[in-house]
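Welcome, and please get your viewer ready for a short walk. We will select a few residues at a time and look at what is there.

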Amino acid sequence: MHLPEGHKCKRLHGHTYSVTVNLAAKALNEDGFVVDFAELDRVGAFIRDYLDHQHLNAVLTFVPTCELIAQFIAEKFQ
């Protein structure tokens with residue numbers, strides 16, 4: 001991490017996160033959905049199984065800022 005010595009975020013600390021999924025489409029699918037919400041279950045399962053109650057520095061290959069975590073989740077499910 002490239003933060004200066006003495007910066008409070010350089011020390012290991014905890015956070016509580018929530019994830020909001022925004023969906024958009026130019027047109028609805030044949031069932032009248034942007035996406036069937038049941039398909040979003042895999043997003044929740046991934047977060048729960050891979051990220052929830054984990055030491056994020058140990059399971060991610062990057063410094064876990066909220067911005068990079070959001071990018072990671074978005075790229076995983078695009």
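To what number does the count of aromatic pairs come? The count comes to 5 aromatic pairs, and the model you are looking at is a predicted one.

Now colour by accessibility if you like: Phe46 is buried, at a relative accessible area of 14%, whereas Tyr50 is partly exposed at 32%. Buried here stands for under 20% relative accessible area.

**Stop two: across to another helix**

What kind of pair do the rings of Phe46 and Phe77 make? The pair is edge-to-face, because the planes stand at 70 degrees, with the ring centres 5.7 Å apart; the angle for this class has to be over 60 degrees. This pair links distant parts of the chain, with Phe46 in helix H1 and Phe77 in helix H3 (residues 66-77), 31 residues apart. Phe77 itself is partly exposed, with a relative accessible area of 24%.

**Stop four: a loop residue**

Move on to His53, in the loop between H1 and helix H2 (56-59). Check the backbone torsions here: phi of His53 is near 55 degrees, a positive value in a residue other than glycine. Is His53 buried or exposed? His53 is exposed, with a relative accessible area of 76%.

**Stop five: a charged patch**

Finally, switch to a surface view and select Glu30, Asp31, Asp36, Glu39 and Asp41. These residues form a negative surface patch. Zoom in on Asp36, which lies in the segment before helix H1 (41-51).

Note on methods:
Residues are numbered from 1 along each chain as its sequence is written. This is a predicted model: local features need pLDDT of at least 70, side-chain atom pairs count only at pLDDT 80 or more; totals for chains, interfaces and linings use all residues. Side-chain values use heavy atoms; hydrogens and water are left out. Patches are made of residues with over 30% relative accessible area and no salt bridge: like charges are joined within 9 Å, nonpolar side chains (Val, Leu, Ile, Met, Phe, Trp, Tyr) within 5 Å. Accessible areas come from the Shrake-Rupley method with a 1.4 Å probe; for residues, only the protein chains shown count as cover. A salt bridge is a side-chain nitrogen of Lys or Arg within 4 Å of a carboxyl oxygen of Asp or Glu. Lys and Arg count as positive and Asp and Glu as negative; His and the chain ends are not counted. The place of a charge is taken as NZ of Lys, CZ of Arg, CG of Asp or CD of Glu. Helices (H or I, at least four residues) and strands (E, at least two) are DSSP runs, numbered from the N terminus. Buried means under 20% relative accessible area, exposed over 50%, partly exposed in between (1.4 Å probe, protein chains only). Rings of Phe, Tyr and Trp (its six-membered ring) pair if their centres lie within 6.5 Å; planes under 30 degrees apart count as stacked, over 60 as edge-to-face and the rest as tilted.
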